[in-house]
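This briefing covers one protein chain, from its overall build down to a single residue. The sequence and the structure come first.

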Amino acid sequence: EACFKHQDKVINELSQMFKNQEKKPVRKGKHRADKSGRSKVRQAVFIFKQSEDAVLIECYDWHKDMPYQSNFKVVLSSKELNDWLVAKN
């Protein structure tokens, strides 16, 4: 819950900064790296209209059996990187 509150605060701040950019709805779901389905991710995305670069605001809730720690991230991602990632999956 603390991560979600912090995430919402950052989303609100970025919404003020990026008023003219596309903002995707917040998504929650199972993290695909955890085949058991017990790890969760909550993500918001801003996409810059001209460049298609993106800013992702994410909360990761990793299950205790996974070798990762739960965390909060703000990710800056270029269109070039996103296209490469999509092609690899």
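A contact here means heavy atoms within 4.5 Å. On that basis, residues 24 or more positions apart account for 39% of the contacts with a separation of 6 or more in this protein. The model is predicted. The protein has 2 helices and 4 strands, and along the sequence they follow the pattern α-β-β-β-β-α.

**Overall dimensions and surface**
- The C-alpha trace spans about 40 × 35 × 15 Å along its principal axes.
- Of the 89 residues, 30% count as buried.
- The protein exposes about 6700 Å², and carbon and sulfur atoms supply 52% of that area.
- There are 18 positive and 12 negative side chains, and the centres of the two sets lie 4 Å apart.

**The sheet**
- The 4 strands form an open sheet in the order β1-β2-β3-β4, with antiparallel pairing.
- Strands β1 (22-30) and β4 (71-77) are the edge strands, each pairing on one side only.
- From one strand to the next, the twist averages 15°.
- Strands β1 and β2 (residues 40-47) run antiparallel and are joined by 7 bridges.
- The bridge partner of K23 is F46 in β2.

**Residue F4**
- F4 sits in helix α1 (residues 2-17).
- Its relative accessible area is 26%, so F4 is partly exposed, a class that lies between the buried limit of under 20% and the exposed limit of over 50%.
- Leaving out residues up to four places away in sequence, F4 touches R42 and C59.
- F4 and C59 are 55 residues apart in sequence, yet their C-alpha atoms are 6.9 Å apart in space.

Technical notes: Residues are numbered from 1 along each chain as its sequence is written. This is a predicted model: local features need pLDDT of at least 70, side-chain atom pairs count only at pLDDT 80 or more; totals for chains, interfaces and linings use all residues. Side-chain values use heavy atoms; hydrogens and water are left out. Buried means under 20% relative accessible area, exposed over 50%, partly exposed in between (1.4 Å probe, protein chains only). Two strands pair if DSSP finds at least two bridges between them. Axes are lines fitted to C-alpha atoms, for helices over the stretch in contact, and angles run from 0 to 180 degrees between N-to-C directions. Accessible areas come from the Shrake-Rupley method with a 1.4 Å probe; for residues, only the protein chains shown count as cover. Lys and Arg count as positive and Asp and Glu as negative; His and the chain ends are not counted. The place of a charge is taken as NZ of Lys, CZ of Arg, CG of Asp or CD of Glu.
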